[in-house]
Amino acid sequence: MKRRDFVKKLGTGTLLSGGLLSYSQSALAKKKRVKWKMVTTWPKNFPGLGTGAEYLAKLIETMSHGRLKIKVYGARQLVPAFEVFDAVSSGTAQMGHGSAYYWKGKSEEAQFFSTVPFGLNGQEMNAWLYHGGGMKLWEELYADFNLIPMAAGNTGVQMGGWFNKQINGLQDLQGLKMRIPGLGGEVLKRAGGTPVNIPGNELYTSLQSGAIDATEWVGPYNDLAFGFYRIAKYYYYPGWHEPGTTLEAMINKKAFEALDKDLQEIVRTACKAVNQDMLVGYVAKNNAALQTLVNEHKVDVRKFSDEILKKLHQLSDEVVAELAAKNAISQKIFNSYQSFRDNVIAWDNMSELAYMNARKL
Ligand code: CA
């Protein structure tokens, strides 16, 4: 091809694709635009959790060419943290970001979709949700509340919490008043402690004033941001009670169903992207924050003894089995979760765990 012809052809092609682009853009512009409110259980822009919710909103807006715009509210800006579920269920807001164990007062079974003590870690949880039937059960459970759930973040394995005394044996848990949500709280109660649930933004003052003796929150990255190292002496691991907590985006069913099909898919895809991004973000940021806590703030980091962990595991199995026995849907979710857990442990013992042990040699 002569150069002149080539340039001519290229010109036509460019013109053509430019024309197509502006055609599809104007078609998009004609589609209806929607504005949503997203209420969250986190302080506005709180690292990881709050910023994850912001990222989700931004991603949906960009992917939809601005057709779905979502304004994010921190806890108490529109509704208090623990009223997010009702606000989205009733349609006061179209979307919420939180974690399902906060709604155990509405539905105890919802706790399976946050985290289960000694249960699935973040990667295993996502495997169960997306490929093991978990998502379908979650949708079935939330349908009664006029909600559509989506996994939209995961913290990975959390830390065991901040204490002002050493936890050397089970006797040290007796009478301990600790902020610990969900099923982990129920387990602590059976071990002799007093669990309380307090939203994140009230934890520092509660621990500082002595209203609580101990608290768990998330892990080094988030705990450093709250500054717990200033008011607690010991930082324990592992977070047996939250081995991979799923954060959720809940969406008002009517609002979701009113969206164009492509927007629905954009919302689903953006949630999946944020779900994965948050999990790996925590891996990167926790390890950096742990260095800061240990090296700069000289935090005394300790591991719970095997004796304590074994007892807590035994109590957890009891608590979870009792939850399962409460009603048919709970039993159905438990059966699915538990059989996935048993099988994935067999595989992970041979893969992730065997490799991690090998890496330590
Ligand atoms: Ca936690």
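Two strands count as paired if DSSP finds at least two bridges between them. The tour below applies that rule to a predicted model.

**Stop 1**

Select β6 (residues 177-179) together with β7. Three bridges join these two strands, which run parallel. To see one of the bridges, pick K177; its partner in β7 is T194.

Now widen the selection to the whole sheet. Six strands form an open sheet here, in the order β7-β6-β8-β5-β9-β11, and the pairing is mixed. Which strands stand at the edges? They are β7 (194-196) and β11, each with a single partner strand, so one side of each has no neighbour in the sheet.

**Stop 2: the five-stranded sheet**

Next, select β2, β1, β3, β10 and β4. In that order they make up an open sheet of five strands, again with mixed pairing. The edges are held by β2 (68-73) and β4 (147-154); each has a single partner strand, so one side of each is left without a neighbour in the sheet. Neighbouring strands of this sheet are turned against each other by 25 degrees on average, with direction ignored.

Inside this sheet, pick β3 (residues 95-98) and β10 (residues 246-252). Their pairing is antiparallel and spans four bridges. Select H97 and look across to β10, where its bridge partner is A249.

**Stop 3: helices on that sheet**

**Stop 4**

Y221 belongs to helix α8 (residues 220-226) and Y282 to α10, so the pair ties together parts that are 61 residues apart in sequence. The count of aromatic pairs in the model comes to 24.

**Stop 5: the largest pocket**

Select N121, G122, V157, P243 and M356. Of the 43 residues that line the largest pocket, these lie nearest its centre. The space in this pocket is about 1800 Å³.

Which elements give two or more residues to the lining? They are α4 (122-131), α10, β11 (300-303), α12 (328-350) and α13 (352-360). The largest share, eight residues, comes from α10. By class, the lining of the pocket has 22 nonpolar, 14 polar and seven charged residues.

**Stop 6: the largest cavity**

Move on to W42, Y101, Y102, Q158 and V218. They lie nearest the centre of the largest cavity, which is lined by 14 residues. The volume of this cavity is about 80 Å³. Its lining divides into seven nonpolar, four polar and three charged residues. How many cavities of 30 Å³ or more does the structure hold? There are three.

**Stop 7: two backbone details**

Most residues other than glycine have a negative phi, and most peptide bonds are trans. The last two selections depart from those patterns.

Select Y237 and P238. The peptide bond from Y237 to P238 is cis, with omega near -5 degrees. P238 sits in the loop between β9 (234-237) and β10.

Finally, select N45, in the loop between β1 (34-40) and α2 (49-63). Phi of N45 is near 60 degrees, a positive value in a residue other than glycine.

Key: Residues numbered from 1 in each chain as written. Predicted model: local features only at pLDDT ≥ 70, side-chain atom pairs only at ≥ 80, totals over all residues. Heavy atoms only, no water. 1 Å grid on protein atoms, 1.4 Å probe; cavity = no way out; pocket = protein on both sides within 12 Å on 5 of 7 lines; lining within 4 Å. Points joined across faces, edges and corners; volume = space filled by probe spheres on them. Nonpolar A, V, L, I, M, F, W, Y, C, P; charged D, E, K, R; others polar. Axes fitted to C-alpha atoms, helices over the stretch in contact; angles between N-to-C directions. Phe/Tyr/Trp six-rings, centres within 6.5 Å; stacked < 30°, edge-to-face > 60°.
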